[in-house]
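Me: Could you take a close look at the metal site in this one for me? I'd like a connected walk through it, and then whatever in the surrounding fold is worth a look.

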Amino acid sequence: MNILQRIRLSVFPDKQEANQQKHGKRKNFRSFLLHFRPRSVPERTLKLSLTWGLGGMAAVLLFLLFGSGLMLKFAYEPSPGKAYGSIVYLINQVPFGKLLRNIHRWSANGLIFVVFLHYLRVFYTSAYAAPRQFNWIIGLVLFSAVLLSNFTGYLLPWDQLAYWAITISTSMLDYIPAVGTGLKEWILGGSEPGPKTLINFYAIHTAILPILLLFFLPFHFWRIRKANGLIIPRSPAEDPSIKGEMIDSMPHLIMREVALAVVVLAVILLTAMFFNAPLDDIANPGLSPNPTKAPWYFMGIQEMLMHFHPVFALLVIPGLLLFGLLSIPYISYETNTTGIWFCSNKGRKMVLIAVIFATLATVAAVLFDEFVVVANQTGPANMLSNGLLPFSVVLAVCIGFYVLIKRVFNATNNEAVQALFTLLITSFVVLTVIGVWFRGTGMQLMWGA
Ligand code: HEM
């Protein structure tokens, strides 16, 4: 036996070797794949309208980010004197360097978007209910790691955009009483972004968060296997115990996954070929651009800061939301709606109403605050006028909405909680859109670019 054969035997032991001779190499490949994927899956879970392939897309993007990020490390130098130059060098001198950077940037932005959609699909199909509660929590950890990876990566080019976006995002922490400034200085390694910030962010971005993701991602997949696969999609009239026919993963599931990966890669490649990742002038701590905005995924919070006292915008509201998100799977619901989109037909209508109401109410509240409250404000904004008061109004609206929609639709807890969360999520999305597209010089509201 030559050395190659011996190595092959060590990878595919005796039994499989014999198998291989009998049935050919394809069989071996299959058996290898099936260690990662279930041997068979319920046919119903293959419906595109259950997952929309979103979890798979997120996984593909994540691996693309690991691959492209690893290659970027060969060119990037994490010090304020060299970082910007290394990016310019990468773009202009390194073969395919610009393409590589574009792929990394667009995959990272795409990942936030895709994970958010995946989170929505899990939420609206009640896939967080037992036995998947803990996987929902793991999902939230993954989501946070994805956001933090984007945030820490944003600083690395050390251009004006990066420098001031990180400055504005971290300076929000200053407003948190007692611990805020200390926390900010701990994150930045000083009072403003500098060499320590860059090296901290670089280490977190290229080591800590990838390790965290590489640990929690298999955990996420393992929990899916432990829950006997994905939820079974069903119509409101169908019995929850139905499972439908089982079908071989190879080729039915695996070929779909491969096709999805190819589509995602093609979309990212085409985007990266035609759209360049932004790169502004080199960071200048003495010259802040106007307006100075946080990265787009934090603009909802920056927009909230324009209307609420920082303690409410940064602590109370996000804290309550996080608590709500973590507790969703553990609230005891009176009916099992797992697998039914929006819980029921009634639930679907309630969600639609919540989206319309939240969009109109958020836009109206922002305009009212900008043109009536702030315009007529005499003294400086304080914890009462700018904090407790607007917060109580928002809370009253949420409670009123919950009670009213439950009563009008004679809804179950599931349906009413779902409508309430839709209200909050939609408001946050609307605030993000306003912050990103409708705030101009001096963070004034504006119409059009
Ligand atoms: C990096 C981020 C993430 C990746 C790569 C990922 C990947 C996946 C994949 C591949 C699946 C199976 C197929 C599918 O549903 O599309 C899945 C299912 C699931 N994910 Fe995620 N996910 C991520 C984030 C999240 C988040 C943010 C949540 C919710 C907070 C979540 C909760 C779940 C749950 C509960 C399931 C099981 C759904 C079911 O049984 O139908 N995941 N995830």
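Reply: Let's start with what counts as a donor here: an N, O or S atom within 2.8 Å of the metal, with water not among the atoms, so sites may look incomplete. Keep in mind that this is a predicted model.

With that cut-off, the iron atom of the ligand is coordinated by the NE2 atoms of His118 and His220, at 2.0 to 2.1 Å. The site has six donor atoms, and the angles among them run from 86 to 179°, making it octahedral. Now for where those histidines come from: histidine 118 sits in helix H7 (residues 97-124) and histidine 220 in helix H11 (residues 195-226), so the pair ties together parts that are 102 residues apart in sequence.

Serine 126, in the loop between H7 and H8, has phi near 50°, a positive value in a residue other than glycine. Proline 131 is also in the loop between H7 and helix H8 (133-155), and a cis peptide bond with omega of about 5° joins alanine 130 to proline 131.

Helix H9 (residues 160-171) packs against helix H10 (residues 180-188) at an angle of about 150°, with the axes 10 Å apart. That angle is why H9 counts as roughly antiparallel to H10. Ile166, Thr170 and Ser171 of H9 make the contact with Lys184, Ile187 and Leu188 of H10. By class, that's three nonpolar, two polar and one charged residues.

Another pair brings in H12. Helix H5 (residues 54-72) and helix H12 (residues 249-274) pack at about 55°, again with axes 10 Å apart. Because of that angle, H5 is oblique to H12. The crossing of H5 past H12 is right-handed. On the H5 side the residues are Gly56, Met57, Val60, Leu61 and Leu64, and they meet Leu260, Ala261, Val264, Leu265 and Ile268 in H12. The class count for this contact is nine nonpolar, one polar and no charged residues.

Proline 291 is in the loop between H12 and helix H13 (299-305).

Methods
Residues are numbered from 1 along each chain as its sequence is written. This is a predicted model: local features need pLDDT of at least 70, side-chain atom pairs count only at pLDDT 80 or more; totals for chains, interfaces and linings use all residues. Side-chain values use heavy atoms; hydrogens and water are left out. Axes are lines fitted to C-alpha atoms, for helices over the stretch in contact, and angles run from 0 to 180 degrees between N-to-C directions. Helices (H or I, at least four residues) and strands (E, at least two) are DSSP runs, numbered from the N terminus. Angles under 35 degrees count as roughly parallel, over 145 as roughly antiparallel, 65 to 115 as roughly perpendicular and the rest as oblique. A crossing is left-handed if the near helix is turned anticlockwise from the far one by less than a right angle, and right-handed if clockwise. Contact means heavy atoms within 4.5 Å. Ala, Val, Leu, Ile, Met, Phe, Trp, Tyr, Cys and Pro count as nonpolar, Asp, Glu, Lys and Arg as charged, and the others, Gly among them, as polar. Donors are N, O and S atoms within 2.8 Å of the metal (3.2 Å for Na, K and Ca); water is not among the atoms, so sites may look incomplete. Four donors count as tetrahedral if all angles lie between 85 and 135 degrees; four count as square planar and six as octahedral if opposite donors are over 155 degrees apart and all others between 65 and 115; anything else is irregular.
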